[in-house]
Amino acid sequence: MYVADSRGTPAPAVAPETQAVAPGTSPGRRAALAPTVLALGTVSLITDVSSEMVTAVLPLYLVAGLGLTPLGFGLLDGVYNGVSALVRLTGGHLGDRLGRHKALAGIGYGLSALCKPLLLLAHTLPAIGAVLALDRTGKGLRTAPRDALISLAAAPEDRGRAFGVHRAMDTAGALVGPLLAFLILRGAADGYDAVFTVSACVAALGVLVLMLFVPGRRTEPAPDAAPVSLRASLGLLRRRDLRRTALCALLLGLCTVSDAFVFLLLQKATGIADRWFALLPLGTAAAFFLLAMPLGRLADRAGRRRVFLGGHLALLLAYALLLTGAQHPALPYAVLLLHGAFYAATDGVLMAEAAGAVPEEHRGGGLALVQTGQALARFAASLGFGAAWTVWGARPALAVAAVLLAVAVAGCARLRPDGT
Amino acid sequence: MTLQRRILILVTAVVLLAAVGVIAVVRAGSRADEKDQARPGGPQVTQGTVSLAPGDGGRRMVFRNMAWGPHRDELASVPAGAPDGPRTASGVKCLRFHAAAGTGICLRSDKGGVQESYRAVVLDAGLREVTSRPLAGIPTRARVSPGGHLVAWTVFVGGDSYAGTNFSTRTSLLDLRTGKYDASLEDFTVLMDGKAYRNADVNFWGVTFAADEKTFYATLATGGRTHLVRGDLGERTVTVLRENLECPSLSPDGTRLVFKKRVPGLPEDAPWRLYVLDLASMKETPLAEERSVDDQVVWTDDRTVVYSLPGDFGADLYSVPADGSGAPARVTASALAPAFLG
């Protein structure tokens with residue numbers, strides 16, 4: 001049986017410009033997924049189990065275990081966001097420059113794995129804050145090289161599905177992590193150290209799977225290719241396709257209400273009992289998990305840009321449902337399903353789309369550029385939405401966000417690349 | 001490296017890591033059993049009757065007993081005159097607790113389901129449940145008004161994995177006379193410099209009640225700063241009085257507040273010192289405690305306050321004069337959330 005193993009064999013040399021658009025004439029059956037994609041998905045799954053274990057019990061640990069008040073963290077969060085953006089660009093660029101995405105991803109995963117045992121030693125708020133900052137640095141460092149590896153391993157016409165599978169596995173880890181953590185805490189009362197130790201073991205396993213099963217392909221630059229300089233990386237934006245993709249991601253990101261607000265609005269709109277509030281993100285994650293692969297596959301067939309915009313329409317519909325103020329019992333489920341669909345149709349699909357617009361030797365930097373643009377836009381949107389909520393109240397703020405989102409979707413739908 | 005060898009390495013690592021994980025969980029589990037065994041030298045705890053009724057059993061301190069043994073985390077009582085002596089445990093477990101005038105508030109965790117869930121339970125003088133409300137997060141502060149008619153509590157709300165480490169608080173008020181329940185103080189009108197103030201980042205915590213069973217003080221955080229607010233339950237307003245003030249606690253005579261304050265120049269991990277604020281002159285005086293206190297103090301009388309500091313086995317209670325004089329003294333070990341009843 002022929003298995004599309006990308007190890008050692010460079011991806012087919014298709015001109016990046018023609019990769020941007022998924023071929024409309026796709027055959028019914030596709031080749032098996034590249035093992036690299038499955039391996040990276042496994043690494044992400046394992047790592048997310050590890051990190052979400054910690055995230056889930058951290059507030060409890062701080063308050064019930066250490067007797068600290070975790071409010072101080074809120075102030076650090078903004079700083080993290082800025083640092084994380086810079087680190088992400090650095091990770092993507094260095095991966096390209098050295099031609100070693102796997103090494104960069106490995107350092108990123110390794111840093112985060114190292115943080116889990118450090119949590120056993122950190123007992124004060126600033127120390128724990130520093131460990132979390134290091135953890136996020138690892139996350140920022142690995143994201144772009146990892147996505148570059150996925151995009152390089154998958155055949156261009158299969159990229160949507162490859163990213164879909166990866167994101168589904170990633171989210172599965174995020175769903176399992178809290179479960180595992182609370183099972184440990186049930187078995188061992190106050191067993192936070194056990195949670196951190198298990199989390200460290202799981203993270204170490206993730207790094208090991210990466211080292212053993214993800215091929216460390218070193219991209220050899222073509223003899224006449226210019227070196228991957230910072231200037232060349234920044235020059236990527238001169239590419240029309242990438243610029244348009246980045247611009248759309250940015251514009252739409254600016255109209256995206258952050259998750260925390262969506263959940264608050266949902267609770268306000270439907271009066272969900274306080275005790276269920278913490279479970280709302282799990283609803284979104286479950287829908288994301290179920291839909292990531294089918295929507296990624298759909299993106300390969302029907303066009304990634306179309307599915308990406310469709311995802312934002314799903315978000316728009318969720319806003320509309322929240323705005324109707326309908327007290328129907330199905331409303332929370334519908335909103336969470338649409339919210340998860342939004343992530344499934346946009347998160348990996350955007351990377352699949354952007355990958356087609358970036359030449360191989362700049363893949364990491366190019367993807368980082370789009371991700372960072374989107375992340376900063378969403379951060380700005382969250383600040384803006386907070387301010388709007390303050391000035392106008394929740395519902396008018398959401399109405400404005402919905403109108404802006406509709407305009408942005410319409411605008412991006414017009415910004416098609418030539419020929420489609 | 002051949003596939004076979006890689007799989008061999010992986011399997012070996014899985015076995016090793018799983019062993020480490022299992023050992024960690026088992027050790028934590030047995031340590032939990034160990035915590036059910038009383039430590040030699042620890043306080044003596046016996047099962048008995050704990051009452052919140054005024055005049056029932058003399059002046060006493062009721063608190064969460066954190067000493068290892070079968071009564072760990074239960075409400076326990078000691079005579080106010082011998083706080084370090086033998087404890088009487090009630091069988092009622094609480095994470096946070098406060099009581100006054102025969103009413104108690106107990107923030108407890110309910111094991112069940114996959115997630116930890118919490119409830120705020122109002123107790124009568126016999127520690128029986130009067131009413132309860134589900135909590136959205138992890139309990140941190142609890143208070144009963146001097147007359148026993150109002151209760152308030154604060155929880156930390158987290159749980160949004162996408163939001164990372166950003167926590168917020170929710171403070172709820174319940175009027176036991178009317179049954180009126182305010183799930184969040186954030187629905188009250190905030191008055192700052194005479195004008196209504198609104199911001200999505202508003203957070204409240206640490207309520208303390210005045211004797212009129214209507215007025216309260218609390219912490220308001222917004223824009224990265226904390227403020228003292230005075231609340232009016234009838235008007236449903238809170239008025240901003242002062243900046244950099246957390247977890248106020250009103251003296252029994254209603255003239256002074258003791259609170260924790262971030263003092264510039266102190267290490268980041270220990271930023272808080274206790275201060276007393278005279279409400280008539282608005283003059284602040286530092287208390288003699290030089291360690292960082294992350295607790296809402298309680299007054300034993302008009303002259304002395306008691307607060308917790310992290311100890312070897314949970315938290316220990318200390319007292320210090322409320323006027324800035326004297327020195328801190330340890331009240332008792334392995335205790336949290338005291339209430340003085342008499």
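This is a predicted model: local features need pLDDT of at least 70, side-chain atom pairs count only at pLDDT 80 or more; totals for chains, interfaces and linings use all residues.
Visitor: How many disulfides does the structure hold over all chains?

Guide: A disulfide is assigned when two cysteine sulfur atoms lie within 2.5 Å. The structure holds 1 disulfide over all chains. It joins B:Cys94 to B:Cys106, with an S to S distance of 2.0 Å.

Visitor: Where in chain B do B:Cys94 and B:Cys106 lie?

Guide: B:Cys94 belongs to the loop between β4 (87–93) and β5 (96–100) of chain B, and B:Cys106 to strand β6 (residues 103–110). The pair is 12 residues apart and links distant parts of the chain.

Visitor: Why is the disulfide of B:Cys94 and B:Cys106 described as left-handed?

Guide: The handedness is read from the torsion about the S-S bond, which is about -115 degrees here, so the disulfide is left-handed.

Visitor: Are B:Cys94 and B:Cys106 buried or exposed?

Guide: A residue is called buried when its relative accessible area is under 20%. B:Cys94 has a relative accessible area of 3% and is therefore buried; B:Cys106, at 0%, is also buried.

Visitor: What is the relative accessible area of A:Cys248 and of A:Cys412?

Guide: In chain A, the value for A:Cys248 is 4%, so this residue is buried. A:Cys412 has a value of 0% and is likewise buried.

Visitor: Which backbone oxygen does the side chain of B:Arg6 reach?

Guide: B:Arg6 is placed in helix α1 (residues 3–35) of chain B. With a relative accessibility of 12%, B:Arg6 counts as buried. Its side chain reaches the backbone oxygen of A:Leu212 at 3.0 Å.

Definitions and conventions. Residues are numbered from 1 along each chain as its sequence is written. Chains are lettered from A and ligands numbered from 1 in the order in which they are written. Side-chain values use heavy atoms; hydrogens and water are left out. Helices (H or I, at least four residues) and strands (E, at least two) are DSSP runs, numbered from the N terminus. Buried means under 20% relative accessible area, exposed over 50%, partly exposed in between (1.4 Å probe, protein chains only). A polar contact is a pair of N or O atoms within 3.5 Å; within protein, one must be able to donate a hydrogen and the other to accept it, and residues adjacent in sequence count only if both atoms are side-chain atoms.
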